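Dear colleague,

I am passing on the structure that we spoke about, together with a few notes for someone who has not looked at it before. Please open it first and then read on.

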Amino acid sequence: MTKQLTPFEQAEQNREQGMKRLAGILITQAWIDRLRQLRAAKVRMSSTEEKQWHALITQAAVAQHNHFGYDA
């Protein structure tokens with residue numbers, strides 16, 4: 001059985017979860033912005049940068065799934 005949280009504890013828990021969700025959103029938005037910059041400059045992303053973005057987004061997705069489950 002879980003402990004009943006006070007309104008202050010619940011608010012803190014909601015803030016923490018919101019920050020974790022926001023981190024994933026910010027990573028994805030930064031990636032989209034970078035793609036737009038490259039497209040505007042008509043330049044391809046280097047394979048090294050592509051691998052780094054892939055690793056970062058994969059890590060964020062796994063963390064979101066582990067914390068929030070399929071609802072993330």
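Below is what was found, beginning with the whole chain and ending with one part of its surface.

Please keep in mind throughout that this is a predicted model. The secondary structure of the protein consists of 2 helices and 0 strands, and the C-alpha trace, followed along its principal axes, spans about 55 × 20 × 15 Å. The radius of gyration is 17 Å, whereas a compact globule of 72 residues would have one near 11 Å. Of those 72 residues, 11% count as buried, and the protein exposes about 6,200 Å², of which carbon and sulfur atoms supply 58%.

Helix α1 covers residues 7-41, and with its 35 residues it reaches 50 Å from its first C-alpha to its last, which is close to the 51 Å expected at 1.5 Å a residue. Just after α1 comes K42, which takes a positive phi of about 55°.

Which residues form a nonpolar patch on the surface? They are L22, I25 and L26, and together they have about 300 Å² of accessible area. L26 lies in helix α1, and this residue counts as exposed because its relative accessible area is 53%, where the cut-off for exposed is over 50%.

Technical notes
Residues numbered from 1 in each chain as written. Predicted model: local features only at pLDDT ≥ 70, side-chain atom pairs only at ≥ 80, totals over all residues. Heavy atoms only, no water. Patch = residues over 30% accessible without salt bridge, like charges linked within 9 Å, V, L, I, M, F, W, Y side chains within 5 Å. Areas by Shrake-Rupley, 256 points an atom, 1.4 Å probe, with all protein chains shown as cover. Salt bridge = Lys/Arg side-chain N within 4 Å of Asp/Glu carboxyl O. Helix = DSSP H or I, 4+ residues; strand = E, 2+ residues; numbered from the N terminus. Buried < 20%, exposed > 50% of the residue type's maximum accessible area, 1.4 Å probe, protein only. Expected span 1.5 Å × (residues − 1). Rg over C-alpha atoms; globule rule 2.2 N^0.38 Å.
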